[in-house]
Amino acid sequence: MKRYLALLAIIAMLSQNLLYSQKFQSLARTPPMGWNSWNKFGCDINEKIIREVADAMVTTGLRDGGYSYLVIDDCWQVARDSSGTIVADPQRFPSGMKSLGDYIHSKGLKFGIYSDAGTATCQGRPGSRGYEFQDARIYASWGVDYLKYDWCNHGKQNSEASYTTMRDAIFKAGRPMVFSICEWGTTKPWEWAKDIGHLWRSTEDIINCFDCNNYWGGNGVVQIIDLFKDIGSYTGPGHWNDADMLEIGNGVLTPAEERLHLSMWAMFSSPLMAGNDIRNMSRETIEILTNKEVIAIDQDSLGISAIRWMKYGDLEIWFKPLSKGEFAFCFFNRGSQPVTVNEDLKTTIRKYSIDGAFRIRDLWKHQDIGLTSENIKGTLLPHDVLMVRLYK
Ligand code: GLA
């Protein structure tokens, strides 16, 4: 009898483990879009800012343009109480996270939060190591829809195992949450994270510059583009390479560079997380961030990442197959001199056994500029971009 009961207990345990060993599969079928507090505010966040950002996401049209997740990054948490429950900063978030989440939801937005797989976050706040199930339960009770999960202070932890534990904790807590893995590409998450997270940062932190590296790590826009050249095949519906949050509207990139930044993130089917102070945006920044035609390339249901098709010196041409037999091409000039474009697009699409004439639509000018029977021609100024859709 004892043996029989022990066997039953083992079977029950195994089937429970199987039951919880999964992520919420139906989420993030297209790359998640939203806003994240880190690039602009760092640790200087509070509930007033977050509420105002929620308001601005509605009034500026960002929400209706697809930016639906409002993610509070590092520094909202200060301690654990005697029962191990994570405590939000009482000075900066006096109303508490549940009430903030309710406000975010009342604006038709989704609520995102941040933690870390190690013992402490990158800013030294309490991490989730050892508290994964408890943390997931409390996030669920606050109405959290998205968890960004960082990788600082992880000691000798194994990345795949650590992220799997939090995935299982989220699933067990029972509230669907997008799980955003943030280990900066260190252990090649594209090779192991498909069934663990919905997106994974693939590179070190973005730096607010077009073409630069930091000695301690971090990449400009062009450096991230280069790193994305070889990992495109790993991305797809429900599991995305994440090129990091946008620096559009943060006062350093020129309008051309900002257009290039959004265009290439869309070519990669990367999540699009605005990272600027959207309470105070110029008309131009709003227009760039909410360019419907570029966002449609990002959100295309096939979820294919672009390949670099040609590189002629500083001129690069990237190519992305879209649903309904359409295609996107992105030409950009990474150099400091103007470059000439003169390209036969029909030869490329023939490689995909597609023939016939397509119309070519410029997605930044919002106009048709020709047919594929003719070469596409023009001049690209330094750091400028030409992004087109081929359609019938
Ligand atoms: C890491 C992440 C960033 C941000 C900070 C917060 O550097 O990669 O995106 O979350 O931590 O401390």
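The following questions and answers walk through a predicted model, in which local features need pLDDT of at least 70, side-chain atom pairs count only at pLDDT 80 or more, and totals for chains, interfaces and linings use all residues. Residues are numbered from 1 along each chain as its sequence is written, and side-chain values use heavy atoms, with hydrogens and water left out.

Visitor: How many residues does each domain give to the contact between domain 1 and domain 2?

Guide: The protein is divided into domain 1 (20-298) and domain 2 (307-391), with bounds that come from an automatic or database domain assignment. The centres of the two domains, taken over C-alpha atoms, are separated by 31 Å. Contact means heavy atoms within 4.5 Å, and it takes 23 residues from domain 1 and 20 residues from domain 2.

Visitor: Which elements are included in what covers the buried residues of α3?

Guide: Helices (H or I, at least four residues) and strands (E, at least two) are DSSP runs, numbered from the N terminus, and buried means under 20% relative accessible area, exposed over 50%, and partly exposed in between, with a 1.4 Å probe and protein chains only. The buried residues of α3 are Glu47, Ile49, Ile50, Val53, Ala54, Ala56 and Met57. Their cover includes β1 (33-36), α2 (38-41), β2 (69-71) and α4 (97-106).

Visitor: What distance does α3 reach from its first C-alpha to its last?

Guide: At the start of α3, a side-chain oxygen of Asn46 comes to within 3.0 Å of the backbone nitrogen of Lys48, while the helix is followed by Gly61, whose phi is positive, near 90°. The expected span of a helix is 1.5 Å times one less than its number of residues. For α3 (residues 47-59), which has 13 residues, the expected value is 18 Å, and the helix is close to it, reaching 18 Å.

Visitor: Which side chain of opposite charge is nearest to Glu183, and how far away is it?

Guide: Glu183 sits in the loop between β7 (178-181) and β8 (199-201), where a polar atom of its side chain lies 2.8 Å from the backbone nitrogen of Gly185. Not counting residues up to four places away in sequence, Glu183 touches Trp151, Tyr163, Lys188, Pro189, Trp192 and Arg201. A salt bridge is a side-chain nitrogen of Lys or Arg within 4 Å of a carboxyl oxygen of Asp or Glu, and Lys and Arg count as positive and Asp and Glu as negative, with His and the chain ends not counted. Glu183 is buried yet has no salt bridge, and the nearest side chain of opposite charge, at 8.4 Å, is Arg201.

Visitor: How far apart in space are Lys110 and Asp145, C-alpha to C-alpha?

Guide: Lys110 is found in strand β5 (residues 110-116) and counts as partly exposed because its relative accessibility is 37%. Leaving aside neighbours within four places in sequence, its contacts are Ser68, Tyr69, Leu70, Ile104, His105 and Asp145. Lys110 and Asp145 are 35 residues apart in sequence, and their C-alpha distance is 6.0 Å.

Visitor: What is the phi of Asp244?

Guide: Most residues other than glycine have a negative phi. Asp244 is found in the loop between β9 (240-242) and α8 (255-267), and it counts as buried because its relative accessible area is 3%. Although Asp244 is not a glycine, its phi is positive, at about 90°.

Key: A polar contact is a pair of N or O atoms within 3.5 Å; within protein, one must be able to donate a hydrogen and the other to accept it, and residues adjacent in sequence count only if both atoms are side-chain atoms.
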